[in-house]
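Subject: Structure handover and notes

Dear colleague,

I am passing on the structure we spoke about, and below it you will find my notes on what turned up in it. Please read them with the model open beside you.

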Amino acid sequence: MKNLKEIRPAFRTDNITYAIRDIIVLSNEVAKTGKEMLYLNIGDPNLYDFAPPKHVVEMTYKAMLANKNGYAPSSGINEAVKAIEKEAERKGIDNALDIFVTTGASEAIDICLTALVNDGDNVLTPTPGYPLYTAIASKLQTMENPYYLDESNGWQPDIEDIKSKINEKTKAIVLINPNNPTGSLYKIETLQKIVNLALKHNLVIFADEIYDKLLFDGKKHISIASLNKDVSCITFCGLSKNYFVPGFRIGWGIISGRRQVLKSYIEAINRILRARLCANHPEQYAIKPALEGDQSHITEALEKLTRRRDITVKMLNDIPGISCVKPEGAFYAFPRLHMDHLDSQFVSELIKETGVVVVPGSGFGQVPNTRHFRVVFLPNEIILEKAYNNIAKFYEKFIETHLDAYITK
Ligand SMILES: Cc1ncc(COP(=O)(O)O)c(C=O)c1O
């Protein structure tokens with residue numbers, strides 16, 4: 001057996017990181033010591049006091065009992081695709097060219113990027129943004145072309161920055177609205193400017209709208225695809241966040257724009273969809289009842305989330321040296337640490353010292369020389385208050401021991 005050498009993984013995996021889960025290694029080690037842990041790091045509502053509507057689960061169970069356990073059509077079962085088409089119309093997208101169901105929005109994003117980019121092409125990705133895009137870009141060995149979100153403007157995409165970064169190899173722009181990790185919701189003026197840039201430079205817009213129903217203060221969501229019928233757009237949505245079934249792994253893509261422009265791209269996407277057979281079959285029976293059934297779970301969830309968002313913003317802004325833009329959607333906040341030390345160090349010391357688990361801002365990308373961390377405000381008020389009190393005490397000590405690293409607000 002001496003000639004058995006170590007199997008070398010592909011270079012394309014070298015830069016794949018996913019800070020949200022990577023931090024779990026450290027938190028598991030700390031948990032083993034018996035320390036009380038306060039988890040504010042994972043965007044999984046089911047770990048907290050959120051559950052899917054009963055009828056969504058029942059329809060899936062019924063489908064399993066009715067032996068809908070074989071393969072499904074590659075683009076999804078007919079009733080689900082029809083229900084998504086109606087949902088697209090409710091979102092103002094009445095020019096859908098193609099709709100397909102996938103294993104979570106994650107798979108749709110992966111397939112659509114894979115079908116679009118060649119070596120040397122680049123994709124504009126929001127910074128900060130959800131790390132899946134960076135991971136897929138690394139896998140495809142495509143250049144990521146990060147554009148900044150402007151913290152001083154409620155984390156809206158920085159249009160001037162986007163303009164300055166578009167080049168002849170730019171194929172697409174990713175827009176996460178509402179955003180993970182900032183919780184910001186994009187204004188119509190911002191979206192309109194992005195549409196104009198996409199039309200001018202023939203870019204595909206990847207509109208990740210997975211949190212489109214989780215909006216605070218009566219805010220309305222605007223789908224970028226609804227603003228212009230000519231713009232090439234793929235809108236990603238799914239059941240994970242709005243219907244609290246992330247473990248079902250059900251998402252979808254809605255392609256809209258001009259057929260002549262998108263014909264070959266749609267065919268390429270469908271070739272990949274066929275090659276990977278299909279998305280989870282029985283869970284697809286949850287799509288129509290979810291989208292068309294009772295939506296009261298969203299109202300209930302928003303009541304809880306609004307209280308938790310308010311506590312988050314108030315308590316974090318009360319800590320000297322921390323500022324937090326008020327999230328308008330989703331269940332994340334991205335507070336800024338006004339210091340000059342690495343946020344990864346802040347977070348690892350915080351976990352070890354207090355058991356509070358958050359994710360360092362560097363895991364989402366950020367404007368150079370700024371430091372943040374991401375908070376998930378799904379846990380109940382008691383946990384959140386305890387966690388923020390711990391953060392306040394810890395940060396005071398952290399600053400004292402790293403005085404050189406402190407910049408005042
Ligand atoms: C912005 C964003 N897009 C996509 C996903 C993944 O969604 P899904 O569970 O449908 O794969 C997440 C999950 O956290 C997310 O935050």
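A salt bridge is taken here as a side-chain nitrogen of Lys or Arg within 4 Å of a carboxyl oxygen of Asp or Glu. By this rule the model, which is a predicted one, holds 28 salt bridges.

Among them is the pair of Glu151 and Arg336, whose side chains meet with an N to O distance of 3.7 Å. This pair links distant parts of the chain, since Glu151 sits in the loop between β4 (143-150) and β5 while Arg336 belongs to strand β12 (residues 336-337), 185 residues apart. Glu151 is buried, with a relative accessible area of 17%, whereas Arg336 is partly exposed, with a relative accessible area of 25%.

Glu328 and Lys219 also meet through their side chains in a salt bridge, at 3.5 Å from N to O. Here too distant parts of the chain are linked: Glu328 lies in the loop between β10 (322-323) and β11 (332-333), Lys219 in the loop between β7 and β8 (233-238), and the two are 109 residues apart. Glu328 counts as partly exposed at 23% relative accessibility, and Lys219 counts as partly exposed at 35%.

A further salt bridge joins Arg274 to Glu267, with the closest N and O atoms 2.9 Å apart; Arg274 is partly exposed at 42% relative accessibility, and Glu267 is partly exposed at 35%. Asp49, Lys304, Arg307, Arg308 and Glu381, in turn, are linked in a network of salt bridges.

Turning to the strands, β3 (residues 122-127) is mostly covered, with 6 of its 6 residues buried. Which residues of β3 point one way, and which the other? Asn122, Leu124 and Pro126 point one way, Val123, Thr125 and Thr127 point the other way, and all are buried.

As for its partners, β3 runs parallel to β4 and is joined to β4 by 6 bridges, with Pro146 in β4 as the bridge partner of Thr125. Strand β3 also runs parallel to β6, through 3 bridges, and there Val123 has Ala172 of β6 as its bridge partner. Together with helix α5 (residues 132-139), β3 and β4 make a right-handed β-α-β unit.

The buried residues of α7 are Thr190, Leu191, Ile194, Val195, Leu197 and Ala198. Seen down the axis of α7, these buried residues fall within an arc of 165 degrees, and they therefore line one face of the helix. What covers the buried residues of α7 includes β5 (156-157), α6 (159-165), β6 (170-176) and β7 (204-208). Just after α7, Asn202 takes a positive phi of about 55 degrees.

Asn317 and Pro335 are 18 residues apart in sequence, and their C-alpha atoms are 8.4 Å apart in space.

With kind regards

Notes:
Residues are numbered from 1 along each chain as its sequence is written. This is a predicted model: local features need pLDDT of at least 70, side-chain atom pairs count only at pLDDT 80 or more; totals for chains, interfaces and linings use all residues. Side-chain values use heavy atoms; hydrogens and water are left out. Buried means under 20% relative accessible area, exposed over 50%, partly exposed in between (1.4 Å probe, protein chains only). Helices (H or I, at least four residues) and strands (E, at least two) are DSSP runs, numbered from the N terminus. The arc is that of the directions from the helix axis to the C-beta atoms. Contact means heavy atoms within 4.5 Å. Two strands pair if DSSP finds at least two bridges between them. A crossover is right-handed if, with the strands pointing away from the viewer, the path from the first strand over the helix to the second runs clockwise.
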